[in-house]
Amino acid sequence: KIILRAEELINEPSVKKAFDQLQMLHKIWKEETGPGSPEHRQEVWERFSVATRAIHERRHQHLKEQKKSLKNVLDAKMAICQKIEDMAASGANSHDAWQKKMAEVEALKEEFKKVGLVAENKNAQVWERFKEVNRAFNQAKNNYYKDLKRSQMSNLEQKQQIVVEAEALKTSEDWNATADALKALQTKWKEIGHVPRQKSDELWAQFRAA
């Protein structure tokens, strides 16, 4: 009966269940049944051993495939981390470019979650790496927007000064000199970069009015 059950376990879909039950059968064989008759002892043991080896071989192959699968997941997750780190290092030089990168990173983060689980002894290492590269990306993005804000505030001050200068000229009747000065201010205005959006239209209206 033990041998028949062991032979059934060869085709058990769950490799873990088959192995666990085989261990139980070996325990029963050794501890709960007495010795068989001498003339059949070797024969029944050999038959039991054949079933045991088949189940062990299935388990060995399963563990081998599982190990390979876990390594593939690990490699995939680390590759995603490297992509995010590379994107942080290369940065971007415009708001639109950063928006595009942010969308790409969000997609990579979703892919990271869906790839699967890594081996338990690698989980902490991979998760720490994932957090590290995301921190690096967020830092690079935040630095860009901080610099952009500083640049826009500087541009705002420069354009406000141009408005002041233009308003000082609007009552002048020295037409040629005033025209030249206004043209120079217009050129300078165009050369200055963006200002905060909420101030842009107001400033331009003031400049045009002058």
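Where do E132 and R129 both lie, and how many residues apart are they? Both are in helix α5 (residues 120-169), 3 residues apart, about one turn of the helix. Here are some notes on this and other contacts.

This is a predicted model, in which local features need pLDDT of at least 70 and side-chain atom pairs count only at pLDDT 80 or more, while totals for chains, interfaces and linings use all residues. Residues are numbered from 1 along each chain as its sequence is written, and side-chain values use heavy atoms, with hydrogens and water left out.

1. Let me begin with E132 and R129. They form a salt bridge (a side-chain nitrogen of Lys or Arg within 4 Å of a carboxyl oxygen of Asp or Glu), with the closest N and O atoms 3.9 Å apart. Helices here are DSSP runs (H or I, at least four residues), numbered from the N terminus. R129 counts as buried at 16% relative accessibility, whereas E132 is partly exposed at 40%; buried means under 20% relative accessible area, exposed over 50%, and partly exposed in between (1.4 Å probe, protein chains only). Salt bridges that share partners join E85, R129 and E132 into one network.

2. The whole structure holds 13 salt bridges. Among them is the one between E8 and R5, at 3.1 Å; both residues lie in helix α1 (residues 2-9), 3 residues apart. K109 and E106 meet at 3.2 Å, N to O, and they too are about one turn apart, in helix α4 (residues 95-114). K109 is partly exposed at 24%, as is E106 at 43%.

3. Turning to the rings, a search of the whole structure finds 11 aromatic pairs. Rings of Phe, Tyr and Trp (its six-membered ring) pair if their centres lie within 6.5 Å; planes under 30 degrees apart count as stacked, over 60 as edge-to-face and the rest as tilted. W29 and W45 make a tilted pair, 5.7 Å centre to centre with 55° between the planes. This pair links distant parts of the chain, with W29 in helix α2 (residues 15-31) and W45 in helix α3 (residues 38-90).

4. F112 is worth a look. Its ring is stacked with that of F130, at 3.9 Å centre to centre and 10° between the planes, and both residues are buried. The charged end of K77 sits over the ring of F112, 3.9 Å from its centre; the criterion is NZ of Lys or CZ of Arg within 6 Å of the ring centre and within 35 degrees of the ring normal.

5. Finally, ring pairs link W98, F137, Y144 and Y145 into a cluster.

Terms used: Helix = DSSP H or I, 4+ residues; strand = E, 2+ residues; numbered from the N terminus.
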